[in-house]
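Thanks for coming, everyone. Please bring the structure up on your screens, and we will walk through it together.

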Amino acid sequence: VLRRYKESMATVNDALRMDPNAAHGYFIKGWIHMENHDTAMALSSFRTAAEQDPQDYDAFVVLGKLSAALHDPLAEQYYNSALEVRPRSVEAYYNKGVYLQDNGRDSAALACYDRIKEIDPKNALAWYNSGWVRMEHLNDPEQAKRDFSKAIELETNYADAWFNRGLAMERTQQLDSAAANYQICLSIDPAHSLAAEGVDRMAKRGVRIKSREVRK
């Protein structure tokens with residue numbers, strides 16, 4: 001916690017000399033390596049933690065994240081292992097879904113988000129991600145609008161959901177509604193540059209924009 005990594009590593013190594021099978025010691029070593037940007041050593045330590053304790057959920061999740069960042073297919077296996085330990089983990093399903101959507105497996109990603117909706121019906125992020133996949137990967141802005149609307153219903157101040165619903169409306173030629181959604185996004189997050197660009201696009205297409213000047 002204090003970022004005194006040299007002392008931390010020495011203490012962990014002392015502990016592991018007392019108990020070479022202490023899984024959490026290897027987990028802490030992995031975290032130290034990860035914070036020092038040594039991904040190879042971090043992966044090695046987290047794998048050892050999981051080998052010592054096959055119920056180490058946290059080790060599997062971190063292994064999944066590190067592997068996903070490296071575009072390593074083992075990421076999916078690690079998330080599956082995490083789900084074997086905690087079958088109702090929203091975190092593991094979400095991370096797995098993001099990995100799958102980033103690797104062109106949209107149906108499998110949507111299945112992960114659907115599972116989150118079953119476990120946690122009020123999870124706005126699952127609806128948002130479903131909408132994003134449908135709009136950007138499956139070219140289905142109509143269904144995407146419904147998903148973004150559900151995300152907004154669950155989390156009123158979800159700026160990105162307002163923006164993306166506006167984008168879906170723009171793509172279905174509902175320009176007035178698109179502009180309104182972009183403006184609501186900006187009222188929540190005035191620094192949302194994509195929403196500002198959206199308002200400008202709508203103004204240039206003849207939509208009457210209320211209470212906001214178009215950028216020059």
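Here is a question to start: is Tyr158 buried or exposed? Tyr158 is buried, because its relative accessible area is 11%, and the cut-off for buried is under 20%. Keep in mind that this is a predicted model.

Now look at what sits beside that tyrosine. The ring centres of Tyr128 and Tyr158 are 5.1 Å apart. Their planes meet at 25 degrees, so we call this pair stacked. The two residues come from distant parts of the chain, 30 residues apart. Tyr128 sits in helix α8, residues 124–137. Tyr158 is in the loop between α9 and α10. Tyr128 is buried too, with a relative accessible area of 13%.

How many aromatic pairs does the structure hold? Seven. Let me show you another one of them, Trp31 with Phe46. Here the centres are 6.4 Å apart and the planes are at 85 degrees, so this pair is edge-to-face. This pair also links distant parts of the chain. Trp31 is in helix α2, residues 23–35, and Phe46 is in helix α3, residues 39–52. Trp31 is partly exposed, at 36% relative accessibility. Phe46 is buried, at 0%.

The largest nonpolar core has 33 residues. Which of them touch the most other members? Phe46, Leu63 and Tyr113. Helices α1 through α8 each supply at least two residues of this core. Helix α4 gives the most, with seven residues. As a general point, nonpolar side chains in soluble globular proteins tend to be buried together.

Take Leu63 next. Leaving out residues up to four places away in sequence, Leu63 touches Leu43, Phe46, Arg47, Ala50 and Tyr78. There is also another core, apart from the largest one. That other core has 28 residues, including Met135, Trp162, Val199 and Met202.

Now zoom in on helix α3. It has 14 residues. From first C-alpha to last, α3 reaches 20 Å, close to the 20 Å expected. Which residues of α3 are buried? Ala42, Leu43, Ser45, Phe46, Thr48, Ala49 and Ala50. They pack against α2 and α4.

On the α4 side, find Ala59. Ala59 is buried, with a relative accessible area of 0%. Apart from neighbours within four places in sequence, Ala59 is in contact with Phe27, Phe46, Ala49 and Ala50.

On to charges. Where does Arg86 lie? Over the face of Tyr57, at 3.9 Å from the ring centre. Lys117 lies over the face of Trp127, also at 3.9 Å from the ring centre.

Lys117 has another partner. It forms a salt bridge with Asp114, with the closest N and O atoms 3.3 Å apart. Both residues lie in helix α7, three residues apart, about one turn of the helix. In general, an α-helix has 3.6 residues a turn, so residues three or four places apart point the same way. Lys117 is buried, at 12% relative accessible area. Asp114 is partly exposed, at 34%.

How many salt bridges does a search of the whole structure find? Eleven. One of them joins Arg171 and Glu136, with the closest N and O atoms 3.3 Å apart. Arg171 is in helix α10 and Glu136 is in helix α8, 35 residues apart. Both count as partly exposed, Arg171 at 41% and Glu136 at 32%.

Another salt bridge joins the side chains of Arg3 and Glu35, at 3.5 Å from N to O. Arg3 is in the segment before α1, and Glu35 is in helix α2. Glu35 is partly exposed, at 26%.

Last stop: Arg134, in helix α8. Is it buried or exposed? Arg134 is buried, because 17% relative accessibility falls under the 20% cut-off. Beyond residues up to four places away in sequence, Arg134 touches Leu110, Asn139, Asp140, Gln143, Ala144 and Asp147.

That is the tour. I am happy to take questions.

Conventions:
Residues are numbered from 1 along each chain as its sequence is written. This is a predicted model: local features need pLDDT of at least 70, side-chain atom pairs count only at pLDDT 80 or more; totals for chains, interfaces and linings use all residues. Side-chain values use heavy atoms; hydrogens and water are left out. Rings of Phe, Tyr and Trp (its six-membered ring) pair if their centres lie within 6.5 Å; planes under 30 degrees apart count as stacked, over 60 as edge-to-face and the rest as tilted. Helices (H or I, at least four residues) and strands (E, at least two) are DSSP runs, numbered from the N terminus. Buried means under 20% relative accessible area, exposed over 50%, partly exposed in between (1.4 Å probe, protein chains only). A charge sits over a ring if NZ of Lys or CZ of Arg is within 6 Å of the ring centre and within 35 degrees of the ring normal. A nonpolar core is a set of buried Ala, Val, Leu, Ile, Met, Phe, Trp, Tyr and Cys residues joined through side-chain atoms within 4.5 Å. Contact means heavy atoms within 4.5 Å. The expected span of a helix is 1.5 Å times one less than its number of residues. A salt bridge is a side-chain nitrogen of Lys or Arg within 4 Å of a carboxyl oxygen of Asp or Glu.
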